[in-house]
Amino acid sequence: MALIAPLGTANVKAVASSVNPARRGIPVLFVNTGFSGFADTKKYPTTYAVLPSYIMEAKIMGEYIKENFAGKKIGLLYQDDDFGTDALAGFKTAGTKFAVTVPYASGSQGAAAAAGWITKFKAAEADVVILFGVSSATSAMLGVAAQLRYAPQWMLGSVGGDATTIKLTGVPAGVLYNAIGFSPVPATTDMTDEYVKFFSDIYAKALPGSAFDLNVLLGMNTAFMTAQALKAAGLNPTRKSLMAAIDSKGATFASSALVPVGYSKTSHVGLTGYWVGKYAPTGDLAPIGGTYVTYTTDSGSGAVVKSTYKRPAMPAKGLPN
Amino acid sequence: MKTSTMKSRWLAILASAALVATVVVAAPANAAATGPTCDGKTPVQTCSGTTSDGALYTMQVPSDWNGTALIYSHGYGFIIDIPAGVPVVGGSKVDNSAYAGPDAATDAALVKAGYAIMGSGFARQGWNIDSAVKTNVELVGVFKKQFPKVSKVIAWGKSGGAFITQSLAEKYPTLVDGIALGCPVLGTVEAELDMALDFLWGLKTFFDPTIKGGNYSAGAAGAGEAITDLVKMFTVIGKLQASISTNAWPDTSKAPDSIKAIPPRSALLLVGLMAGIPTKSTSFDSTTGPEGALKLTWPLAIAPAMAVLENGAQGAALAILATHDLELQAGGAFYDNSKTDYAARVADEAVTFNAALSGNTALNGLLSYLSPLNPAAPRLTANQAALAKLRALSTHTGKISVPTVVLAGETDVVSPAGNTQWLIDRYAEQSAAEKAAARKADGGSFKAPKNKLIVIWKTGSSSYSKFTAAGSPIPLVASDPNSNAHCNFSAAQHVALVKLAVQGATKGSVSYDGATRTVARKVMTGVIGPQRFPALQKFYMGK
């Protein structure tokens, strides 16, 4: 019927070329990657993004730097593939100037590599270091930096700021403390948020004792959107009616995200922005100043703006309307 | 390929450098039609003779013959003897023998099932489509004259023999009632050669510029050059195998230090990707890693290059030997990469295999080295007269007039899956046109035209790589448990393939019905066609 929430740019690209869901008319819904290319409806006509693109993320980072770190020396560590290419494009659009940029090839990250990265950032006297890579790169970097007592202002991309994965690598979550991070959905500890409360209650009943983290929230949110898409596709949903439902109604689906999605008959763009937070010693991200300030933008040359988006209320009992 | 000549011996690398080839002119053993001479034996009568072009043929007819005659076409045979010391293909002799089937077990099973079988050795080896089709037409006539009670003729073949079979069906659609294509080469030989020669050019450019890589001389000198290239190519492949653990470039490489700072496996993988060499091979599934620290890193960063290395050993051997053959036929060099955009060719794979390519910076550096502007990486330009002559050799239209059954390997390096996809695409166009015509003609009482093509993809397992306790990969070529090697089908699979074609010929159509699905799953260890859309060969990009 459909692929739901496949993970990773390389994986989704490989499936696109070897299994060819586009040619077979198979929906590939809510891909867990911010690669901007998946919103290209000509090349991937059945694929729907859900996460904000890496370009959007970099543009919003650039805007935040402009507002808060003007005049500071900025360093950038990025994954040397389409992930990083998107980031570089976003920073370029944002006009961010770097004192030093350090690429790493996917798979090459580790403690030895991290020591070399730190040498370069130290040499450039970077005040702010952005880590635009995967969580294992963040782990290596912050773990080695803690040992070397290297402590610039860290700024983590949403992919690499996954505290759960970082902890699994053996690096304590405390290394994240005070780092700046970005998320499209509310803080997972924010029980005043009706979506977070509702999802965490369901999760606690389903998997008692298991941590309710950002991965869980994003996963449940995707399932929640999928259920709404299926209902909107009619009593006897088909692949075509499922995609038509997202095209026509996806922008109004209830979602925990604090930013809107870009679905329409001509767009498969997912979420379009982030709020900015700082990491607690526990590895939880919370909004700076206690209030969510969200930014939205696009993957092109559009401006970064502070969002006034009002998300739909949680449907009664969490069931699709 | 004649399967027997292409059994890979995983990197049994040659130590000696100079081997002398004996040029064998692939002249027929006889110069006029003879026979058939039949032995009159029961329960199987064997007949032999030669067609008017001097090609040897053989026939086997059981006493309980069911009236169906199978004509088999063998695959590409080398036109020169290969010295025994050359890896992979060494010891192969020019073989003009007649083959009524791919192996003795299959032949026996088909005859036991009541079929008459026949096949030619062809008037020449090498790329011989036009000549082989002519021979087969004559052979069918000889058979019908000798055994007039023929009810059906089914043509079948493997690899290059499948190309002959499709050509036969396209040019003589009333001569055959159905066809079966195993691991087929289809469309145009240019697509095959483009893959093989891109790989060879990449190997040469990065790792050993002394490889000639085509434009071979005429006569014995050219054969010697081809054999020398084989030796050099396998030597480089051996050095690349060793480099996986050392990251040391082969000492024959002339690449600058800036390029040599990149792991050679990344350059090798790039060469494989731009040529279209599969990243899954007999020993390397590209998903399984050894237990321990490399469990994830191995499939991500190393296995794709290892698979290309293993596959490329066969691909490059084909490149050299078939190029030598076809340059002789065309009268000069036909390979032309002067305008090939290798960056565009790997644009998608650059993401999928980014870790194994060592990242975009490394990839861009490697691609820059291959740029047409780099004098150290000279591009090759075809002799236009030779290219025209090559293109005048038999090509397919893809038209299907009789029930056709295809069995293809998804990761076959010699006849990649793109060959079969090309035929599927052509038939989809034909079928759509036939349906449109039927709608127009029937004026509302539309009756769908009969389906005449089914494809079974031999997929095998997705996880089969093996490692020692120390984490070293275990070569699986000798056993090939997953049947990834070129045309590695069992007798039972051959028989099932033929029987599907016979059933189709009886009904006048083929379909993905329950029985076919069961055969595909249980006998072929594969899946039926609509579940796969493999990429076409790189040759077709932008065309």
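How many residues does the contact take from chain A, and how many from chain B? Before selecting them, note that the model in the viewer is a predicted one.

**First stop: the contact of chain A with chain B**

Display both chains and select the residues at their contact: 20 residues come from chain A and 17 residues from chain B. The area buried between chain A and chain B amounts to about 1400 Å², and carbon and sulfur atoms give 49% of that area. On the chain A side, select A:Arg23, A:Arg24 and A:Asp80, which lose the most area to chain B and together account for 34% of what that side buries.

**Second stop: helix 8 and helix 9 of chain A**

Next, select residues 194-206 of chain A, which form helix 8, together with residues 214-232, which form helix 9. Their axes come within 11 Å and cross at roughly 95°. An angle of 65 to 115 degrees counts as roughly perpendicular, and helix 8 of chain A and helix 9 of chain A are therefore roughly perpendicular to each other. To view the contact, show the side chains of A:Tyr195, A:Val196, A:Phe199, A:Ile202 and A:Tyr203 from helix 8 of chain A, and those of A:Val216, A:Leu217, A:Met220, A:Asn221 and A:Phe224 from helix 9 of chain A. By class, the residues of this contact comprise nine nonpolar, one polar and no charged.

Move to the second largest pocket, whose volume is about 450 Å³. Centre the view on B:Asp194, B:Asp336, B:Thr340, B:Phe539 and B:Lys543, the closest to the pocket centre of the 21 residues that line it. Then colour the lining by class: nine residues are nonpolar, three are polar and nine are charged. Three elements of chain B give two or more residues to this lining, namely helix 4 (189-207), helix 9 (342-345) and helix 12 (384-391). Which of the elements gives the most to the lining? Helix 4 of chain B does, with four residues.

Finally, show B:Val189, B:Glu190 and B:Leu193 in helix 4 of chain B, which meet B:Leu387, B:Leu390 and B:Arg391 in helix 12 of chain B. The residues of this contact divide into four nonpolar, no polar and two charged.

How values were computed
Residues numbered from 1 in each chain as written. Chains lettered and ligands numbered in written order. Predicted model: local features only at pLDDT ≥ 70, side-chain atom pairs only at ≥ 80, totals over all residues. Heavy atoms only, no water. Axes fitted to C-alpha atoms, helices over the stretch in contact; angles between N-to-C directions. Parallel < 35°, antiparallel > 145°, perpendicular 65-115°, else oblique. Contact = heavy atoms within 4.5 Å. Nonpolar A, V, L, I, M, F, W, Y, C, P; charged D, E, K, R; others polar. 1 Å grid on protein atoms, 1.4 Å probe; cavity = no way out; pocket = protein on both sides within 12 Å on 5 of 7 lines; lining within 4 Å. Points joined across faces, edges and corners; volume = space filled by probe spheres on them. Buried area = accessible area lost by both parts, 1.4 Å probe.
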